[in-house]
Structure formats: C-alpha cells, structure tokens
Amino acid sequence: MQTALVKSSGPTTTNCSARILIDTGSSRTYITKHLKDTLQLKVIQNETLNLSTFGSAKSKQRTYEVVNLTLNTVNEDNEIHALVTPII
C-alpha cells in the first residue's frame, strides 16, 4: 500500500505531521485517537457501521466518532471527515 507524510491541522492546532495510508478500496477514512487528541478535534457526529473483515462469516457492529480535519499539501488544503479508532 502507498503511504505519504502530510501536515494535518485542526481548529486549534497549527500543524502536526501524520503518516497516511492510502487504501483505494476503503469506503471510509480513519484516524487514530492519538491524532484526534493531538489536534484537539471536536466530534461532529457518531456513525454506526457493520464491519466485515476478509474471511469472516459474521459482521460486527461498531460506533465511531466522526471528526473533521485538514490535510495541508503544497498546493492546497483538503478538509476531510474521518472516523476515530484506537489503532490502525
């Protein structure tokens, strides 16, 4: 999988470096709770998903916090919505 090092920011923090994992097959974007806490991101809503992993016969229901953050690139800033998870 592809990765990139980017600058990310929240409403109260100017910049924080973050390593992103680019998964073109994923339908959601996830960040760690550590990054959420570092950027002091506010929860905008909760989202409940039924998750199935490769090879599993049964899905698991899980509720995630959803936050907004900005990825800062050389050419532009991109605001994204992300689900918060303890680890990736």
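Here is a short chat about reading an aromatic pair and a pocket in a predicted model.

Biologist: What should I know before I start?

Modeller: This model is predicted, so local features need pLDDT of at least 70 and side-chain atom pairs count only at pLDDT 80 or more, while totals for chains, interfaces and linings use all residues. Residues are numbered from 1 along each chain as its sequence is written, and side-chain values use heavy atoms, with hydrogens and water left out.

Biologist: How many aromatic pairs does a search of the whole structure find?

Modeller: A pair of aromatic rings is described by the distance of the centres and the angle of the planes. Rings of Phe, Tyr and Trp (its six-membered ring) pair if their centres lie within 6.5 Å; planes under 30 degrees apart are stacked, over 60 edge-to-face, the rest tilted. Here the search finds 1 pair: Tyr30 and Tyr64, edge-to-face, at 5.6 Å centre to centre with 70° between the planes. Tyr30 sits in strand β3 (residues 30–32) and Tyr64 in strand β5 (residues 60–72), so the pair ties together parts 34 residues apart in sequence. Strands are DSSP runs of E, at least two residues, numbered from the N terminus.

Biologist: Is Tyr64 buried or exposed?

Modeller: Buried means under 20% relative accessible area, exposed over 50%, partly exposed in between (1.4 Å probe, protein chains only). Tyr64 is buried at 4%, and Tyr30 is partly exposed at 29%.

Biologist: Which residues lie nearest the centre of the largest pocket?

Modeller: A pocket is an open set of points on a 1 Å grid over the protein atoms alone, where a 1.4 Å probe fits, with protein on both sides within 12 Å along at least five of seven lines; lining residues have an atom within 4 Å of a point. Of the 23 lining residues, Ile20, Leu21, Thr29, Tyr30 and Ile88 lie nearest the centre. The largest share of the lining, 7 residues, comes from β2.

Notes
Helices (H or I, at least four residues) and strands (E, at least two) are DSSP runs, numbered from the N terminus.
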